[in-house]
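Keep the sequence and the 3D view open, and try each task before you read its solution.

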Amino acid sequence: MRVPQKAHAADTNEWEELSGILSGIKGRYMSPPPIENVITNGFTAGQLLGNGDVSITSDGRDGTQTYYIAKSNFWAPSSQKLTFGALSIKGPNSGIGAQSDHDYLQEQVILNPKVRSTLRIEGELVNMRTWLAESENLLVTELKTDAQAKAIPIYVDLAVPSDASYPFQRGMDDGCIWVTRTSAETPESHSWYSLGAAAARVVGAEATPSFPFAESVVTFNDSDAGFQFT
């Protein structure tokens, strides 16, 4: 079907007008909101990304950037929504003796949706840009430091809650780390049963997969020299 030229021009003009409005709408935090307002059964205070199937809640605090992952069909048998798990980016000393971060920023951009994050990790300012693909369940986070910044160790953790009621597995394969989680103990134990899986890969830097002490976490860590993101 051929779209009339006048209608096409009107649509273009409307989008240009709407884009101008959306470009000025940015949700911004200059300090972390209370964590109980981010991890909640109600409306979250975290910055949001979504594509209709997967939703991401972004939160940064104490030298750690975390992306909480939820999926549309991952529900508990009680019909309560479950958070699948989380991806965290941090340093080995994150959360230890944490101090206020005057450069802190969490910003949700509505036009061309993305979340921009700025926080200090291992004493260096790290800028992140994160977006969720609209046509597939792919989350991308870019990390960048100032050109004069020293190399810093970075850990990338992929984790699910450690709860025997929702069995989980973790593993490493072909340069990826992965976790799985089920919404019930067995497919036969409840009428509603779903299985979720997530995998992560580091691109552009050397990273070594490993199993930390926590049994529901799998992680990437850097070489002794640390990552240099520029």
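**Exercise 1.** In which loop is Asn-112 found? Then decide whether Asn-112 is buried or exposed.

*Solution.* One note before we start: the model is predicted.
- Step 1: Look between strands β6 (105-109) and β7 (114-121); the loop there holds Asn-112.
- Step 2: The relative accessibility of Asn-112 is 56%. Exposed means over 50%, so Asn-112 counts as exposed.
- Step 3: Now check the backbone. Asn-112 has a phi near 50°, which is positive, and the residue is not a glycine.
- Step 4: Compare this with the general rule: most residues other than glycine have a negative phi.

**Exercise 2.** Where does Ser-88 lie, and which side chain does its own side chain meet in a polar contact?

*Solution.* 
- Step 1: Find strand β5, residues 85-90; Ser-88 has its place there.
- Step 2: The relative accessible area of Ser-88 is 13%, so Ser-88 is buried.
- Step 3: The polar contact joins the side chains of Ser-88 and Thr-66, at 3.3 Å.
- Step 4: Setting aside residues up to four places away in sequence, Ser-88 touches Thr-64, Gln-65, Thr-66, Tyr-155, Val-156 and Asp-157.

**Exercise 3.** How many residues apart in sequence are Glu-185 and Tyr-166, and what is their C-alpha to C-alpha separation in space?

*Solution.* 
- Step 1: Glu-185 sits in the loop between β12 (176-182) and β13 (195-200).
- Step 2: In sequence, Glu-185 and Tyr-166 are 19 residues apart; in space, their C-alpha atoms are 5.7 Å apart.
- Step 3: Beyond neighbours within four places in sequence, Glu-185 is in contact with Ala-164, Ser-165 and Pro-167.
- Step 4: Glu-185 counts as exposed because its relative accessibility is 54%.

**Exercise 4.** Is Phe-43 buried or exposed, and which residues is Phe-43 in contact with, leaving aside its neighbours within four places in sequence?

*Solution.* 
- Step 1: Go to the loop between β1 (26-29) and β2 (47-50), where Phe-43 lies.
- Step 2: A relative accessibility of 75% means Phe-43 counts as exposed.
- Step 3: With those sequence neighbours left aside, the contacts of Phe-43 are Asn-37 and Leu-48.

Key
Residues numbered from 1 in each chain as written. Predicted model: local features only at pLDDT ≥ 70, side-chain atom pairs only at ≥ 80, totals over all residues. Heavy atoms only, no water. Helix = DSSP H or I, 4+ residues; strand = E, 2+ residues; numbered from the N terminus. Buried < 20%, exposed > 50% of the residue type's maximum accessible area, 1.4 Å probe, protein only. Contact = heavy atoms within 4.5 Å. Polar contact = N/O pair within 3.5 Å; in protein donor to acceptor, adjacent residues only side chain to side chain.
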